[in-house]
Amino acid sequence: MSIRERLSGNEAAATAMKQINPDVVAAFPITPSTEIPQYFSTFVSNGAVDTEFVAVESEHSAMSACVGAEAAGARAMTATSSNGLSFMWEMIYIASSLRLPIVMSLVNRAVSGPLNIHNDHSDAMGVRDAGWIMLFSESNQEAYDNLLMAHRIAEHKDVLLPLMVCQDGFITSHSIETIDLVEDDKVKEFVGTYKPEHYLLNSKEPISMGPLDLQGYLFEHKAQQSQAMKNAKKVILEVAEEFEKLTGRKYGLFEEYKLEDADVAIVCMNSTAGTAKFVVDDLRSKGVKAGLLKVRVFRPFPAEEIAKAISNVKAVAVLDKADSLNAAGGALFTDVTSGMFVNDIHVPTVSYIYGIGGRDTKTDDIEKVYNDLLEIVETGKIDNPYRHLGLRTKGAEK
Amino acid sequence: MDKTNINNTTPMEDMTIGGIIYNAGNSREVKTGDWRSMRPIFDSEKCKQCGLCFPVCPENAIPVGQDMKRTDFNYDYCKGCGVCAKVCPFKAISMEEEGVE
């Protein structure tokens with residue numbers, strides 16, 4: 001039997017890390033992820049885990065320590081947010097290019113400036129092309145479950161890529177929800193022990209990692225990373241299937257909520273999906289065929305799968321909780337529409353930037369999006385595809 | 001797959017993941033001496049075999065025999081950084097511009 005608990009998102013992440021019992025955790029505190037290493041260091045002090053906790057002086061060092069530990073042959077984890085991730089940026093690329101399956105808990109927060117400590121996805125979007133697998137979590141339960149699945153995906157021989165599990169800062173990280181925990185021994189069995197094929201501390205096989213990789217070689221190594229990302233899709237689904245057998249909880253590349261017969265649909269990530277589900281139910285009770293597609297796996301991006309899933313919808317809104325500041329819509333919007341175009345699926349689609357810097361996104365806001373979509377279906381017109389939700393403007397948005 | 005023989009014609013499928021090098025000590029194969037713009041000149045007359053120069057050489061380009069005595073530079077690998085000339089107390093190493101007779 002699973003254990004019924006009530007935990008905040010940060011407690012859920014720390015609990016998952018405790019059960020995983022990694023060899024090394026190196027982390028530096030930053031709001032709103034601070035509690036994760038804080039709780040975890042308590043586990044270390046109490047002897048609940050065997051982990052070597054490295055109290056580093058910066059996030060750059062946190063990721064560097066994880067790179068070193070993982071290269072040496074250890075299982076390494078970290079947690080961060082916002083500017084902490086920005087400060088790791090250089091090492092983020094080293095981790096993925098050296099093919100080190102480090103697992104990070106990323107509690108999403110706006111990247112400054114101006115200074116803001118609240119939730120949006122600009123931190124995650126800043127590393128979306130860095131070669132990390134990125135899983136997004138609607139709830140505390142999903143943040144926990146995604147972490148339990150993380151090492152099985154990242155360490156798979158066809159993948160060997162670092163992985164980050166994202167959840168919304170404060171909205172889930174500091175909210176207490178009921179959660180089903182898997183028993184310690186079952187987690188241990190599911191996650192398994194880390195047995196890297198090649199590692200620096202293997203005295204029987206002296207190797208060199210991270211050598212100079214010039215014109216004759218880097219291209220092929222990047223293509224290998226790209227191939228590993230493609231392989232990851234299959235592995236993510238295999239691990240999810242095994243996880244479902246263990247817990248009964250089903251995960252895919254994305255979740256379709258009342259999407260099958262929907263006329264209008266929203267595509268979004270993380271906690272906003274919970275709000276949107278409430279609105280979908282409400283609209284359905286009024287006879288509106290509303291649906292939702294919640295992206296769980298953002299990298300690798302399931303371009304073809306998403307395009308097919310929304311192919312029968314009459315209008316789509318893609319909600320981005322980070323502005324790409326490119327005057328051409330958010331990152332998720334660009335990925336979704338690109339996936340549709342390449343697969344010859346052409347559904348009227350609009351981009352909404354929303355919730356920046358922790359701006360509250362309420363059911364009324366989500367309902368407005370569905371109403372906008374209904375108008376697009378009715379008139380067949382999209383005046384402005386690049387929109388904002390909940391933004392104060394003088395008159396109509398241009 | 002022969003992991004010890006990768007070159008710039010090797011297809012990506014046969015290259016090692018992350019560029020890991022499995023044959024230890026293979027930097028010997030890459031002769032970096034032609035990067036040099038300054039050339040150290042060893043004066044065996046002035047050298048007292050004090051042993052200060054070869055430990056500071058980043059390229060291990062100062063050969064040392066069993067008798068712990070150094071011999072002339074290995075120019076296949078010496079990059080001409082000049083650290084050896086700087087530490088020599090007897091001015092037995094002078095730096096000259098490469099290619100100037």
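Visitor: How many residues of chain A are in contact with chain B?
Guide: 17 residues of chain A are in contact with 10 residues of chain B, contact being C-beta atoms, placed from the backbone, within 7 Å. This is a predicted model, where local features need pLDDT of at least 70, side-chain atom pairs count only at pLDDT 80 or more, and totals for chains, interfaces and linings use all residues. Residues are numbered from 1 along each chain as its sequence is written, and chains are lettered from A and ligands numbered from 1 in the order in which they are written.

Visitor: Which element gives the largest share of that side of chain A?
Guide: α8(A), with 4 residues. Helices (H or I, at least four residues) and strands (E, at least two) are DSSP runs, numbered from the N terminus.

Visitor: And by class?
Guide: The side of chain A that touches chain B has 8 nonpolar, 6 polar and 3 charged residues. Ala, Val, Leu, Ile, Met, Phe, Trp, Tyr, Cys and Pro count as nonpolar, Asp, Glu, Lys and Arg as charged, and the others, Gly among them, as polar.

Visitor: Next, domains. Where are they in chain A?
Guide: Domain 1 covers 3-247 and domain 2 covers 254-389, with bounds from an automatic or database domain assignment. Their centres, taken over C-alpha atoms, are separated by 28 Å.

Visitor: How many residues are in contact between them?
Guide: 29 residues of domain 1 of chain A are in contact with 20 of domain 2. On the domain 1 side, α5 (122-125), β6 (133-136), β7 (163-168) and α8 (218-247) each supply at least two residues. α8(A) gives the most, 5 residues. That side of domain 1 divides into 13 nonpolar, 10 polar and 6 charged residues.

Visitor: β6, then. Is I133(A) in that strand buried or exposed?
Guide: I133(A), found in strand β6 of chain A, counts as buried because it has 26 C-beta neighbours inside 10 Å. The cut-offs are 20 or more other C-beta atoms within 10 Å for buried, 12 or fewer for exposed, and partly exposed in between, with C-beta atoms placed from the backbone.

Visitor: What does I133(A) touch?
Guide: Leaving out residues up to four places away in sequence, I133(A) touches I153(A), A154(A), L161(A), L163(A), A232(A), R299(A) and P300(A).

Visitor: Switching to the sheet. What is the strand order?
Guide: β9-β11-β10-β13-β14-β15 in chain A, an open sheet of 6 strands with mixed pairing. Two strands pair if DSSP finds at least two bridges between them. β9 (254-257) and β15 (386-389) stand at the edges with a single partner strand each, so one side of each has no neighbour in the sheet.

Visitor: How do β14 and β15 pair?
Guide: β14 (residues 349-354) and β15(A) pair in the parallel sense over 4 bridges. Y352(A) stands opposite R387(A) in β15(A).

Visitor: What packs on the sheet?
Guide: Helix α11 (residues 331-342) of chain A does, touching β10, β11, β13 and β14, and its direction makes about 145° with that of β13(A). Axes are lines fitted to C-alpha atoms, for helices over the stretch in contact, and angles run from 0 to 180 degrees between N-to-C directions. Helix α9 (residues 272-285) lies across β9, β10 (264-269), β11 (290-295) and β13 (315-320), running at about 165° to β11(A).

Visitor: Last one. At what angle do α6 and α7 of chain A pack?
Guide: Helix α6 (residues 140-154) and helix α7 (residues 184-191) pack at about 25°, with axes 9 Å apart. L148(A), H151(A) and R152(A) in α6(A) meet V187(A), F190(A) and V191(A) in α7(A). The residues of this contact divide into 4 nonpolar, 1 polar and 1 charged.

Note on methods
Contact = placed C-beta atoms within 7 Å.
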